[in-house]
Amino acid sequence: MAKFLLLAFRNVFRNRRRTLMTLFMVGGGVAGLLLVGGFFARMFWGLREHTINSGLGHIQIFTADHFNRDEVRALDTGIDNWRQVAATVKTGGHVRGVAPRIEFYGMVSNGDKSSVFMGTAVDPVAENGLGFFPTTFTSGHDLDSKSGGEVEALVGAGLAKSMNVKVGDGLTVLSMTSDGALNGVDVEIVGIVDSGVAEMDARSLRITLPAAQRLLQSDRVTNLVVGLDKTENTDQVAAELAPRLRGLPQQLVLKKWIELATYYKQVRSLFSTIFVFLGIIVFFMVLMSSVNTLLMTMFERTREIGTMLAMGTPRAWIVALFMLEATLIGIFGAIVGVLAGNLLGVLLNHSNLHLPPPPGFTVPMSFQVLHVPSLMIGSSLLVIVSLALASILPAIRASRLQIAEALAHV
Amino acid sequence: MFSLSEGNDNWNPGPPSRFILPFPPLIRFSNPSSGNPCTFGMTTSIFRMSKDAPEKERPMEELVNVEAVSRRFPLDNIPTHHPAHSFVSALSNASLRVSAGEFLAIAGPSGSGKTTLLNLIGCIDQPTTGRILVDGVDTSKLKPNGMTTLRREKIGFVFQTFNLIPVFTAAENVEYPLLIQGIGSRERRERVAEALDSVGLSARAQQRPDLLSGGERQRVAVARAMVHRPALVLADEPTANLDTQNATQLIDLMHGLNRRLGLTFIFSTHDARLLEHAERIVRLCDGQVVSDNSTEGGSRG
């Protein structure tokens, strides 16, 4: 067996130029897959962390009613005893912070013009405790929970532009209370936010939790956002929290970030399909060109194969020899590809390249690739299997050669 | 010996048959044609050689029996059902018996059917009509796997163009027949060393074929053909690509192995100089056996 492997190994490097070309082709396929896959993986990772750290959090806690029925009035499916729930959650491992939030909507007016807004009420201290990305301001500063008289507000850049307001200007926020009455509060703009998502910035308004509770006339919150030390710990923490929340008076539901990140899931699904398509292209590219190369090899070695068959080599051995040679080329090509792909990845990561902003985003995306071990293994297996499959036809043709004709082959 | 049941290709080869018996083989003629130009002028030479040839103990056991064998090849590109379809006859009603331990030359001009006959005896081709028995096995009843096994265990081949595996060293080339027989590495090493020693190439064992001369390559091929101790070694024009000196050395080597080990050699040639070394010459012309002469020992050279 060792000699047989040695024979296959030496045959691989018999025609070095052709083997080198094949290795470049196979390696190029693997490197290409690693770069594209690594870029997609980096993009998925970036989008995931952006989604989580821009406010979604790793876990959110709602009342069960929140998903069972629509709110008729503000906060009528909100969490009553949210301070107790937050305290319970905070005692868990890997939990960095818990922040209460109120989601509400209404009209905002500057006296001349009114516009619809989608509001979020936050506890600035609790939000900071989540350890999320800091808010990006085009001007002004973040909310201050200790501010006294004036109700502070942050508005999205798009909304500020639409309402023609700047930091220091006042706005009137109107919304329905939990009793169904119309209520309004005057706010002072302390900051204009650029989240990077244009649609969100066109409608977003953020005020403090006490101000929103006063506006909506309720002590409830819509949900609790939980921030963890690492995204990878989400499943573990969710599994630990779920039984502990069952002991509380209100029936609560725990949602992991992936269940709430619809956009992330759509993007991932789309790009995963693209990647699979690319993989299929590489598979056929390697397959077709390898069949050609291996057939050429077979024709060149016709007399040698005839000699081996004449000496009594079982035809199955000839098939195995060709498949082994192709598999070895696949393995070497995969090694070349993995090395080249990772090297190019490192170079690209240090090149500080940026891509134009993706649809819906306003900030350019840095061109970074991740070095994903599973991708390296998958791409390598893909080309090895491609080569092994490509060798079947030449191998069978070689094994079926008529010995007398093969020996007379010139 | 073989034990083969009807229609079964799973025969069991016995120990190699190399018996040294004190009698010369029986001379058998098939389709003698004394007036054939293919034989003209050669008979004198054969008998001249035989005067100086030393007496050798010979085995009597029949190793190969070619019975009225014909081989026709269809002409290319014409379907068999087409009226214009025809065949080329490479061998016609040829019969031949070879005893174990013989050193037999098949002579004849190009296209006379020498290679076809060797291919048929070597089980790498099948006759259109007739049958061939190798060591008692009717090869026409063997399935492809049975023929492969027969070749692997009972026959050694030496080719005109050496046909060594270029990526293997001389030793590895010689080792190959043992490898495909599944012989253990220790025994392989010993037998390879013996075989290379017997052809005088121990010092070149680790050289690849491209670094060997033509004569050395063919000696490696001879070592490869005999290393697994076959009952029969077939050599198709083994000296055709060698100069006279190397050709003579090779024939001497083969003849020496034949005498020393009792190996049966059947080789084809159309080189008159080489025929001087043959103990028996079967002459072919236009696919027919036209003469079968024994020289009673041949020349040692």
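I count two strands as paired if DSSP finds at least two bridges between them, and I take helices (H or I, at least four residues) and strands (E, at least two) as DSSP runs numbered from the N terminus. The model is predicted, so local features need pLDDT of at least 70 and side-chain atom pairs pLDDT 80 or more, while totals for chains, interfaces and linings use all residues. Residues are numbered from 1 along each chain as its sequence is written, and chains are lettered from A and ligands numbered from 1 in the order written.

Sheet. In chain B I found an open sheet of four strands in the order S4-S3-S6-S7, with antiparallel pairing. S4 (87-99) and S7 (137-138) of chain B each have a single partner strand, so one side of each is left without a neighbour in the sheet. Two bridges join S6(B) (residues 129-134) to S7(B), and I see Leu133(B) opposite Asp138(B).

Core. Of its 129 residues, Ile121(B), Ala223(B) and Ile266(B) touch the most other members, and helix H2 (residues 16-56) of chain A gives the largest share, 11 residues.

Chain contacts. Counting contact as C-beta atoms within 7 Å, I find 20 residues of chain B in contact with 16 of chain A. Helices H3 (144-154) and H4 (170-180) of chain B are the elements that give two or more residues to the chain B side.

Terms used: Core = buried A, V, L, I, M, F, W, Y, C linked by C-beta atoms within 7 Å. Buried ≥ 20, exposed ≤ 12 C-beta atoms within 10 Å, placed from the backbone. Contact = placed C-beta atoms within 7 Å.
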